[in-house]
Amino acid sequence: MLTKLFDIEYTVFKEVLEIKTIREKRKERNWSQTYLAQVSGVPQPTISQIENGTRQYPTFENMKKIAEALDLRLEDIFLPSHKDMN
C-alpha cells in the first residue's frame with residue numbers, strides 16, 4: 001500500500017510540477033537560492049535542481065518545506081492553473 005502511494009505521489013510530481021512558480025516566488029522576494037535553503041531547510045543544490053528541472057522526482061517533504069518558506073500552498077506549486085479555477 002505504501003509503495004503504491006509513493007508511486008502515485010511521484011507520478012503526480014512528474015506530471016504537474018511547475019518549477020517556474022518556485023523560481024518566480026523566490027525572485028519576487030529577492031531571495032537567493034541560498035537564502036531559501038536556509039529558510040526552508042532544503043539544501044541549495046536541491047533547490048537549484050528543482051528550479052532547473054534536473055531533479056525529476058523531488059520529495060514531497062522538500063516541496064512542502066519550500067512551499068511553506070515561500071508562503072505558498074502545495075496546490076500553487078503542483079497545480080498552478082488551480083488558482084485560475086477558483
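In which helix does threonine 46 lie? Threonine 46 belongs to helix H4, residues 44-52; helices (H or I, at least four residues) are DSSP runs numbered from the N terminus. The model is predicted, so local features need pLDDT of at least 70 and side-chain atom pairs count only at pLDDT 80 or more, while totals for chains, interfaces and linings use all residues. Residues are numbered from 1 along each chain as its sequence is written, and side-chain values use heavy atoms, with hydrogens and water left out.

View A. Threonine 46 counts as buried, at 9% relative accessibility (buried: under 20% relative accessible area; exposed: over 50%; partly exposed: in between; 1.4 Å probe, protein chains only). Apart from neighbours within four places in sequence, threonine 46 is in contact with Arg55 and Asn62 (contact: heavy atoms within 4.5 Å).

**View B. The aromatic pair of tryptophan 31 and tyrosine 35.** Rings of Phe, Tyr and Trp (its six-membered ring) pair if their centres lie within 6.5 Å; planes under 30 degrees apart count as stacked, over 60 as edge-to-face and the rest as tilted. Tryptophan 31 is buried at a relative accessible area of 17%, whereas tyrosine 35 is partly exposed at 39%. Arginine 29 lies over the face of tryptophan 31, 5.0 Å from the ring centre (criterion: NZ of Lys or CZ of Arg within 6 Å of the ring centre and within 35 degrees of the ring normal).

**View C. Helix H3 and its crossing with H5.** In H3 (residues 33-40), Gln33, Leu36, Ala37 and Ser40 are buried. Seen down the axis of H3, these buried residues fall within an arc of 105°, so they line one face of the helix; the arc is that of the directions from the helix axis to the C-beta atoms. The axes of H3 and H5 (residues 60-69) come within 9 Å and cross at roughly 105°, which makes H3 roughly perpendicular to H5 (65 to 115 degrees). Leu36, Val39 and Ser40 of H3 meet Lys65, Ile66 and Ala69 of H5.

**View D. Positive phi at asparagine 30 and aspartate 71.** Asparagine 30, in the loop between H2 (19-28) and H3, has a phi near 60° and is exposed at 70% relative accessibility. Aspartate 71, in the loop between H5 and H6 (74-78), has a positive phi of about 55° and is exposed at 59%.

Notes
Helices (H or I, at least four residues) and strands (E, at least two) are DSSP runs, numbered from the N terminus. Axes are lines fitted to C-alpha atoms, for helices over the stretch in contact, and angles run from 0 to 180 degrees between N-to-C directions. Angles under 35 degrees count as roughly parallel, over 145 as roughly antiparallel, 65 to 115 as roughly perpendicular and the rest as oblique.
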